[in-house]
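Here's a short tour of a two-chain model. Have the sequence and the 3D view handy as you read.

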Amino acid sequence: MHNLDSNVPTGPLENRWEKHKFDLSLIAPQNRKKYNIIVIGTGLAGASLCATLGEAGYNVQSFCYNDSPRRAHSIAAQGGVNASKNYQNDGDSTWRLFYDTIKGGDFRARESNIYRLAQLSCNIIDQAVSQGVPFAREYSGYLANRSFGGTQVSRTFYARGQTGQQLLLGAYSSMSKEIASGKVSHKSRCEMLEVIIIDGKARGIVVRDLITGEISSHLADCVVMCTGGYSNAYYLSTNAKGCNTSATWRAHKNGAYFANPSFTQIHPTCVPPTGDSQSKLTLMSESLRNDGRIWAPKNIEDCDKNPNDIQEEDRDYFLERMYPAFANLVPRDIASRALKGICDEGRGVGSVVNNQRLGVYLDFSSVIQKIGSEKVKEKYGNLFDMYESITGENPYEVPMKIYPAPHYTMGGLWVDYNLMTTIDGLFACGEANFSDHGANRLGASALMQGLADGYFVAPQTVANYLAKGTFEEITHDHPEVISSVESVKNRIERLMNAPDPKHSPDYFHRKIGSILWTSCGMARDKDSLKKAIKSIEQIKIDFWNNIKVTGNDKDFNQTLEKAGRVADFIELGHLMCVDALDREESCGAHARLEYLAESGDAMRDDENFGYVAAWEFNDNKPTLHKENLDFEFIKPTYRDYK
Amino acid sequence: MNFTLHIWRQKNTESNGQFVTYHVNDIDSDTSFLEMLDQLNEDLIEKGEDCVVFDYDCREGICGTCSLVINGHPHGEKKATTTCQLYMRDYADQSELWIEPWRAKSFPIVKDLAVKREAFDRIIQSGGFISTSVGSAPEANSQLVNKDDADCAFDSAICIGCGACVAVCPNASASLFVAAKINHFQRLPQGKIESTKRAERMINQMEQEGFGSCSNHRHCETVCPKEISVSNIAAMNKIL
């Protein structure tokens, strides 16, 4: 049994990372070329890590499923990246960024990790600027900042609405420099399907070449997974279509604990689904809630009317009614839950999907009246254009429609302070790990975490692991390597040749997605979770009996790719529900309906649930391990948005 | 809505391809173009046939993966839009659609509608970066950047590397892609130092990859989903 020791250093919070770095072992520059490191995924965490390890002189092998490392889904992040530079002299500090982040996560994350994140935030901006990331600037030439996600200080750095793109292209360019130098070798259109573990240590991976179907093993001294989150378990999400859990799930099935799988974030301002063929949802910046008023018709019979024909007294500005103090600016989870509640009551608007109208109005008419459409255009022009191109409706004339969508997963592989999973030599960085966001993530901190892990944390801790270990040479004919390759091949064989092939991968993906959305979304309860667990166990059986994959497995076969990913989402979905059932409290992004205050507010239970739930794989009966969260430096408080 | 689709099918890089005709029916007008193809693929699975391979990922116009030529237009006729942001209501008056991959020697077809664009990655590897290393960066505000320069750099930096500029160019030139990257860095003080060397290397690599030269057709600017201006190419030529 692994000991869930987080390896957090002791002493004053401010000095912990510094002290820890000093205690870590180093590898001399001339010796680094003797070590091989595998990095999977080329998003912010992966690309920045490849670049940094390559610059340091290690041999890095990088893999991604996209056709180029530049296409990882970090590219779609819009808002910005936080850093406690305090350029605006508004009282920001490392301590305040740390406190906001841990409070935002509803006190379900480690103090030491988050403090380190806040400390490193400033270096990220320096690094990105030196790479040529074109952040917004003032006329003076200084960097500009904005306030984001309800914080009281302006600490967010941004590049219009494309901050993720620009940061990723910065990391990609640095990684490209190292590919040219020969320190990093990269393979695109490759999917990791197995971890190779020898003598208890991660020593390699098995990948499938997505074009030729060839299965190959790749060996190294350690493996780092930078493979992103699992929002696509819900089928419809704001993630790219290819985002998947397969890499993290393989690691989990091989012994890596999966932490807080039910901690997922649902974003309130997305373009609603319009029909059964909908393949993904698009996020619109939360800044829209600064000026838009959210409402739904008071009367169900008005729901299919033109919104402009609905009289003022027949409109329910429900967030303003329910939360008079914060109104339309309540946090994401509260807004999302309220929106879904209105639609579940039957007061939704827009297209009917599965017998329900999924949407509420986000209305800009009063701000347009107040400041004029030109001013509104200056502020939100690109968002309005984007909305119009997706829906064909002009938001200057007709209120926008919005509906929540899964957006980010705080849960992920359990890692210690060194970002190492419970498997020796297997690290996880960025959204793939669980470490920094607790039960909810603040705006503009996903980019910060991915880059902190990749540029600054993992390069140090991976080196320490390599320096302390001994690594016997392994060849591709090692029995463990052969058996890992065989298990991948067998699985593909089973996917291609189900006993009674009937349904496409998307059919099963929609099924699991809809169960998770209903039972393990923003609001959960015991009965529905228990039912969901039963249904998912049945779906898993049906999947392996009835999955239908056409074409050939020795070929470019997107149906086969999807089938493999859906199989993993089904198993992960089961664990998400098990975790949600275990957590008998409401906290962060989710509400357990049995554990809400009378006011409807979330009721955290620190005494009984102040822990990270780290699950060990055991088919349908996962084993729970706990990492208790101690708060030595701050006192957990409760939110109140009434 | 019902459509007749003539789709380019090609088993792999080596084999010859041809158009194959399919029919899709009962498509909702709010369905995106790629969701329409998803539905075709669901029909093909139902019939036990191999699905049409096409590239996509984010489906929100930013990753640069999607790449179809629709009725002769890379990313379709709609301006400033990637294929994934097209909706079937845009095709109400065109019931017959010819769907092809990008066509350029440097972008070999891997299967059906998907092409290999690693030539772009190699161009970036040849010099599309600032030679800075992690840890050596000075305090971010220690070097001021004129706002106009920062904005211009941004306008060039938004290239998504989709390759539509190459697909539409009669010479299959990658000039717009290369120039956008060169100009992005050249506009910034931290990138200016290496700009001549960078431009030489990247242009050299572009030629080695088999892309043609620019002969001022300016089609690239017209199809660019991010509306990157050909003035980038003029700026690039000035550096050399």
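## Where the chains meet

Chain B puts 65 residues into the contact and chain A puts in 61, with two residues in contact if their C-beta atoms, placed from the backbone, lie within 7 Å. On chain B's side, the elements that each supply at least two residues include helix H1 (33-47), strand S6 (109-111) and helix H5 (175-186). Helices (H or I, at least four residues) and strands (E, at least two) are DSSP runs numbered from the N terminus. That side of chain B divides into 28 nonpolar, 19 polar and 18 charged residues. Here Ala, Val, Leu, Ile, Met, Phe, Trp, Tyr, Cys and Pro count as nonpolar, Asp, Glu, Lys and Arg as charged, and the others, Gly among them, as polar.

This is a predicted model: local features need pLDDT of at least 70, side-chain atom pairs count only at pLDDT 80 or more, and totals for chains, interfaces and linings use all residues. Residues are numbered from 1 along each chain as its sequence is written, while chains are lettered from A and ligands numbered from 1 in the order in which they are written.

## Inside chain A

Chain A has 16 helices and 23 strands. Of its 642 residues, 60% are buried, meaning 20 or more other C-beta atoms, placed from the backbone, lie within 10 Å of a residue's own.

Helix H8 (residues 332-347) of chain A is largely enclosed by the rest of the structure, because twelve of its 16 residues are buried. Among them are Arg332(A), Asp333(A), Ile342(A) and Cys343(A).
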